[in-house]
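The sequence and the structure are shown first, and the description follows.

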Amino acid sequence: MPLIEHKKHRNGFLVIWEISDVEQCELNELKLFPKATCYLNSLGSASRRKEWMAWHYLVRKFIGEYEVNYDRNGAPYLIGRSGFISISHCDNYTGLLYDEKNPCGIDIENSSRKIDKITPRFLRSDENILLHEEKLPELLIWCAKETLYKFYGEKGIDFLNDIKIDKINITENQMSGIIKDRYKTLDYIITPEYTAVSTSFDK
C-alpha cells in the first residue's frame with residue numbers, strides 16, 4: 001500500500017494514498033456494510049467506484065470497521081465512533097483526515113488541473129497578491145477554500161465573499177483563513193502530481 005503521506009497527531013492523523021493496480025485487487029475484496037454495498041453498486045463509472053472504495057479502505061485500515069453515513073449536508077461521519085473525518089480524491093490519489101476533537105477538512109487535486117475559468121468565482125485580489133509574492137499556484141487557494149468549506153459544514157457558502165485566505169507561510173507549509181466568522185490554520189502540500197490542503201490539528 002503506497003502511502004505517500006502519513007502524519008500522526010495525538011488527536012488524529014492525515015493519510016494520502018496512491019492507488020496502484022495491485023491495490024485495486026485489495027479494493028475489489030473490500031467487505032462492506034449492506035447499505036454501503038448498495039450505494040457502491042449505484043455508482044455509474046469504474047473510476048468513481050475506485051475512488052469511493054479507496055477511502056473506505058483507508059477508514060477500515062486506520063480507524064477500524066465502522067460504518068460511514070452522511071449528514072444533511074453530505075459530509076461523511078462514522079457510526080459508533082466519536083471524532084470527525086474528511087475525505088478527498090482525484091484520479092489515483094485519495095486523502096483521509098481524522099480528528100478526534102474538532103471538525104476537519106481536506107481537499108486534494110491534480111496539480112495539473114486547469115482552473116482559469118472558475119478563478120473569478122473564488123480568488124480575491126488580496127489572495128492573488130499573496131500567491132504572486134510567494135510564487136504559488138492559484139490551485140492552492142481553491143484547495144484551501146474547499147477545505148474550509150468542508151470544515152465549516154454548512155451549504156450556501158460563497159467562495160469569493162465568505163472565505164478569505166489571509167496568510168501563507170511557505171517555511172511551515174501553512175496557511176490561515178476565515179470562513180464566515182471562524183478562523184482556521186491549514187497545512188498544505190504541493191508536489192508535481194497533486195496539491196493537498198488540510199485543516200491543522202489544534203496544539
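At what angle do the axes of helix H2 and helix H3 cross, and within what distance do they come? In this predicted model, the axes of helix H2 (residues 34-42) and helix H3 (residues 46-62) cross at roughly 155° and come within 9 Å.

## Helices H2 and H3

On the H2 side, the contact is formed by Ala36, Tyr39 and Leu40, which meet Arg48, Arg49, Trp52 and Met53 in H3. Sorted by class, the contact of H2 with H3 has five nonpolar and two charged residues, and no polar ones.

## Confidence of the model

The average pLDDT of the chain is 90, and 95% of the residues score at least 70. Among the elements of the chain, the lowest mean pLDDT, 56, belongs to helix H1 (residues 21-28). The highest, 98, belongs to helix H5 (residues 138-152).

## The four-stranded sheet

Four strands form an open sheet in the order E1-E2-E6-E5, and their pairing is antiparallel. Strand E1 (3-9) and strand E5 (84-90) are at the edges; each has a single partner strand, so one side of each is left without a neighbour in the sheet. On average, neighbouring strands of this sheet are turned by 5° against each other, direction ignored.

Within this sheet, strand E2 (residues 12-18) and strand E6 (residues 93-99) run antiparallel and are joined by seven bridges. Phenylalanine 13 has tyrosine 98 in E6 opposite it.

## The hairpin of E3 and E4

Strand E3 (residues 67-70) and strand E4 (residues 76-79) also run antiparallel, with four bridges between them. Valine 68 has leucine 78 in E4 as its bridge partner. The hairpin has five residues between the strands, and glycine 74 takes a positive phi near 85° in this hairpin.

E8 and strand E9 (residues 174-179) run antiparallel and are joined by six bridges. Asparagine 169 stands opposite glutamine 174 in E9.

## Helices H4 and H5

How is helix H4 placed against H5? Helix H4 (residues 125-134) packs against H5 at an angle of about 125°, and the two axes are 9 Å apart. This angle makes H4 oblique to H5. The crossing in which H4 passes H5 is right-handed.

Which residues make up this contact? Glu127, Asn128 and Leu131 in H4 meet Glu138, Ile141 and Lys145 in H5. By class, the contact of H4 with H5 has three charged, two nonpolar and one polar residue.

Technical notes. Residues numbered from 1 in each chain as written. Predicted model: local features only at pLDDT ≥ 70, side-chain atom pairs only at ≥ 80, totals over all residues. Heavy atoms only, no water. Axes fitted to C-alpha atoms, helices over the stretch in contact; angles between N-to-C directions. Helix = DSSP H or I, 4+ residues; strand = E, 2+ residues; numbered from the N terminus. Contact = heavy atoms within 4.5 Å. Nonpolar A, V, L, I, M, F, W, Y, C, P; charged D, E, K, R; others polar. pLDDT = per-residue confidence, 0-100. Pairing = 2+ DSSP bridges. Parallel < 35°, antiparallel > 145°, perpendicular 65-115°, else oblique. Left-handed = near helix turned anticlockwise from the far one by under 90°.
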